[in-house]
Amino acid sequence: MSYLNIPPHDLNDEERATYEWQIWVPEFGEEGQKKLRGASVLVSRVGGLGSVVAYELAAAGVGKLVLAHGGDIKPSDLNRQLLMTHEALGSSRVASAEKRLKELNPRLEIVSIPENINEENAAGIIEQVDLVVDCAPLFEERFQMNKECVRQRKPLIDCAMYDMEAQLTTILPGETPCLSCLYPTHPERWKREFPVFGAISGTVACLGATEAIKTIANFGETLTNKLLLCDLRSMSFRKISIAKNPECKICSNI
Ligand SMILES: [Zn+2]
């Protein structure tokens with residue numbers, strides 16, 4: 001039984017030709033492609049992580065992307081935020097992201113929101129989508145998204161990185177631990193500015209996009225009840241089991 005039941009959307013011949021090579025993936029097939037076409041995903045922040053998540057989901061043919069990220073492009077964004085361009089320095093991040101994604105896949109429906117997720121806008125934005133990929137660096141935002149995804153019972157792929165390390169888990173509210181089960185309080189170590197190579201944020205982003213595709217099309221094995229820990233300084237990958245916290249303030253009563 002799948003957690004998400006996306007109504008399949010018919011494909012036209014041009015779409016079949018575009019996605020042909022991934023339709024060959026066993027267990028995915030045309031049925032999986034129709035689900036991607038029918039799906040809507042929020043990518044929260046289109047920075048180092050979210051740019052690549054959005055690009056991969058756009059390339060894969062997810063029908064609708066909602067992008068939420070405030071602010072304008074700065075020179076220090078350009079080592080990793082791959083939907084931003086030098087030419088667009090000083091202009092809106094989501095506008096640049098939308099333009100680049102449409103160049104790749106003009107069939108996409110894109111909703112660009114020039115704001116970061118916060119307490120006021122979270123509910124309305126998450127209502128517009130089937131699934132959320134959390135690419136926000138700050139715990140305030142990540143907790144807000146987690147709380148709202150739990151309330152609306154929407155899957156949340158939580159991607160995080162710092163320096164050469166990364167973590168990833170797939171949260172299915174009611175079935176798996178939520179972010180607050182893992183972090184009952186705000187971890188001290190995380191901050192707004194952090195050491196990062198684009199190759200590291202992009203690696204985690206590709207893993208997160210893979211989780212989103214599998215969750216939507218309901219195939220393979222996802223990181224539910226698991227936390228993937230990656231140390232890219234030593235190239236070690238480790239999966240640990242995680243459990244719901246019966247005392248969790250966010251998900252223990254659902
Ligand atoms: Zn919880």
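Where in the chain does Asn5 lie? Asn5 sits in the segment before H1, and it makes a handy starting point for a walk through this predicted model. Residue numbers start from 1 along each chain, following the sequence as written. Because the model is predicted, local features need pLDDT of at least 70 and side-chain atom pairs count only at pLDDT 80 or more, while totals for chains, interfaces and linings use all residues.

**Overall picture**

- The protein chain has nine helices and eight strands; helices (H or I, at least four residues) and strands (E, at least two) are DSSP runs, numbered from the N terminus.
- With a radius of gyration of 17 Å, close to the 18 Å that the globule rule gives for 254 residues, the protein chain is as compact as a globular protein of that length. The radius is taken over C-alpha atoms, and the rule is 2.2 Å times the number of residues to the power 0.38.
- Along the principal axes, the C-alpha atoms fill a box of roughly 50 × 45 × 40 Å.
- Of the 254 residues in the protein chain, 43% are buried. Buried stands for 20 or more other C-beta atoms within 10 Å of a residue's own, exposed for 12 or fewer, and partly exposed for anything in between, with C-beta atoms placed from the backbone.
- Among contacts between residues at least 6 apart in sequence, 69% join residues at least 24 apart. Two residues are in contact if their C-beta atoms, placed from the backbone, lie within 7 Å.

**The nonpolar core**

- The largest nonpolar core has 64 residues, and those with the most contacts inside it are Val41, Val43, Val53, Ala54, Leu57 and Leu65. Such a core is a set of buried Ala, Val, Leu, Ile, Met, Phe, Trp, Tyr and Cys residues joined through C-beta atoms within 7 Å.
- Once neighbours within four places in sequence are left aside, Val53 is in contact with Val43, Val133, Cys135, Ala205, Gly208 and Ala209.

**How H4 packs**

- Helix H4 (residues 48–60) packs against helix H9 (residues 198–217) at an angle of about 45°, with the axes 8 Å apart. Axes are lines fitted to C-alpha atoms, for helices over the stretch in contact, and angles run from 0 to 180 degrees between N-to-C directions.
- H4 and H9 are therefore oblique to each other. For these words, angles under 35 degrees count as roughly parallel, over 145 as roughly antiparallel, 65 to 115 as roughly perpendicular and the rest as oblique.

- Helix H3 (residues 29–38) and H9 have axes that come within 9 Å and cross at roughly 105°, so H3 and H9 are roughly perpendicular to each other.
- Gly32, Lys35 and Leu36 of H3 and Ile213, Ile216 and Ala217 of H9 make the contact.
- Buried residues in H3 are Gly32, Gln33, Lys34, Lys35, Leu36 and Arg37, and their cover includes helix H1 (13–18), helix H2 (20–23), H4 and H9.
- Lys34 counts as buried because 21 other C-beta atoms lie within 10 Å.
- Not counting residues up to four places away in sequence, Lys34 touches Pro8, His9, Asp10 and Leu11.

- Most residues other than glycine have a negative phi.
- Asn225 has a positive phi near 60° and is placed in the loop between H9 and strand S7 (226–231).
- Met235 has a positive phi of about 55° and is placed in the loop between S7 and strand S8 (236–241).
- Asn225 is partly exposed, with 16 other C-beta atoms within 10 Å, whereas Met235 is exposed, with 8.
- Back at Asn5, the residue is exposed because 10 other C-beta atoms lie within 10 Å.
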